[in-house]
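Trainee: I have a new structure to read. Where should I start?

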Amino acid sequence: MSQRVEKAVEILKNTGVRMTPQRHAILSYLLGTMTHPTADEIYKALEGKFPNMSVATIYNNLRVFKDAGLVRELTYGDASSRFDANVEEDHYHAICSECGSIRDFHYPYLRDAEASAAKTIGFRVTGHRMEVYGVCEDCQKKTH
């Protein structure tokens, strides 16, 4: 078990969440991927190992993980949310307008923008979100 999974399991246990094999598999999958999967993608990845698991089980566990601060839900106006388990690092997202893939990238964190909003307009900042849209390398290769 990876160190990230062990730490997440400990956080869940400390908040009174019982660790089931399905919950552990969902958590391990999320922490092991950087693809920002949807609940359906997680379900499809795990249904072979857990044929009795439902999509509702995935959603319920994602809510538990979100409430525990282990994942961030990313909504983009379409019907399906994506889930990001990289909550320990400050990062932003580059989103491909062709295939919908989401990649993390690092850029100097925009704390100055938060501070400016607070100072200039008296805004109590609770966070921010920056996204860059374009065409990923894989999709660029397909068009050539």
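Trainee: Is Cys-139 buried or exposed?

Mentor: Buried means under 20% relative accessible area, exposed over 50%, and partly exposed in between, using a 1.4 Å probe and protein chains only. Cys-139 has a relative accessible area of 6%, so Cys-139 is buried. Keep in mind that this is a predicted model: local features need pLDDT of at least 70, side-chain atom pairs count only at pLDDT 80 or more, and totals for chains, interfaces and linings use all residues. Residues are numbered from 1 along each chain as its sequence is written, and side-chain values use heavy atoms, with hydrogens and water left out.

Trainee: Where is Cys-139 placed?

Mentor: Helices (H or I, at least four residues) and strands (E, at least two) are DSSP runs, numbered from the N terminus. Cys-139 sits in helix α6, residues 137-142. Cys-96 belongs to strand β3, residues 92-96. Cys-96 is also buried, at 4%.

Trainee: Which residues does Cys-139 touch?

Mentor: Contact means heavy atoms within 4.5 Å. Not counting residues up to four places away in sequence, Cys-139 touches Cys-96, Glu-98 and Cys-99.

Trainee: Which residues does UniProt place in the feature "binding site"?

Mentor: UniProt positions follow the numbering used here, feature names are shortened, and annotations may be inferred rather than shown by experiment. The unreviewed UniProt entry gives Cys-96, Cys-99, Cys-136 and Cys-139. They span 44 residues in sequence, yet no two of their C-alpha atoms are more than 8.3 Å apart, so they gather at one spot.
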